[in-house]
Amino acid sequence: MHARLVLVHVPERERALRSMVKALRPGGRLLVEDADPALQPLLCPDEYGPEQQLANRLRQGFRQLLARRGADLSYGRQLPRLLRQAGLSRVEADAHFPVTSPACAALEAATVRQVRDQLVTAGLATDEEIDRHLANIATGAMDLATAPMISAWGRKG
């Protein structure tokens, strides 16, 4: 069984995880992957200019929106312990943390477009700031990072 970027958004995550483990056959494996934005909260780890400062401020706004919806921004790091507590054995985990890539830029642009209205309505950004940020991304000159993706897996029985 595989769940990617799901449980961090589920209000009753622990119950959902226990349900997935229960559904496994003996010897079955579960792989859970979730981001951990609290481990690395910056979009631009190298904040050296106004473009990077704006990007990091908008990322902070996005994190606030996630937290208001009940997302656990430190969920990823908890996965190994939670898998063991749910009864899995041979639990292992790793993390993937891209610091810059075209995929990071594409993800950031898509995310900002998707939550644009929410950022503006919440007073976390203006339309002008968002337009400027999207234009900055489009230049391809910014080193944009994603939150670390924690992958944890274990086996039943």
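The entries start with the ground rules and then go from the sheet to the helices and the rings.

**Ground rules.** I am working on a predicted model, where local features need pLDDT of at least 70, side-chain atom pairs count only at pLDDT 80 or more, and totals for chains, interfaces and linings use all residues. Residues are numbered from 1 along each chain as its sequence is written, and side-chain values use heavy atoms, with hydrogens and water left out.

**Sheet.** I took helices (H or I, at least four residues) and strands (E, at least two) as DSSP runs, numbered from the N terminus. Two strands count as paired if DSSP finds at least two bridges between them. I found an open sheet of four strands in the order 1-2-4-3, with mixed pairing. Its edges are strand 1 (2–4) and strand 3 (88–96), each of which pairs on one side only. On average, neighbouring strands of the sheet are turned by 10° against each other, direction ignored. For axes I used lines fitted to C-alpha atoms, for helices over the stretch in contact, and angles run from 0 to 180 degrees between N-to-C directions.

I then checked strand 1 against strand 2 (residues 29–35): they run parallel and are joined by three bridges. Arginine 4 has glutamate 33 in strand 2 as its bridge partner.

**Helices on the sheet.** Contact here means heavy atoms within 4.5 Å. Helix 1 (residues 13–23) packs on the sheet and touches strand 1, strand 2, strand 3 and strand 4 (149–156). The direction of helix 1 makes about 155° with that of strand 2. Helix 3 (residues 75–85) also packs on the sheet, touching strand 2, strand 3 and strand 4, and its direction makes about 5° with that of strand 4.

**Helix pairs.** I looked up helix 4 (residues 102–121) with helix 5: they pack at about 175°, with axes 10 Å apart. That makes helix 4 roughly antiparallel to helix 5 (under 35 degrees is roughly parallel, over 145 roughly antiparallel, 65 to 115 roughly perpendicular, the rest oblique). Residues in this contact include Val112 and Leu119 of helix 4 and Ile130 and Leu134 of helix 5.

Helix 2 (residues 50–68) packs on helix 5 (residues 127–138) at about 120°, with axes 10 Å apart. The two are therefore oblique to each other. Among the residues that meet are Leu54 and Arg57 in helix 2 and Arg132 and His133 in helix 5.

**Rings.** I noted arginine 13 over the face of tyrosine 75, at 5.6 Å from the ring centre (the test is NZ of Lys or CZ of Arg within 6 Å of the ring centre and within 35 degrees of the ring normal).
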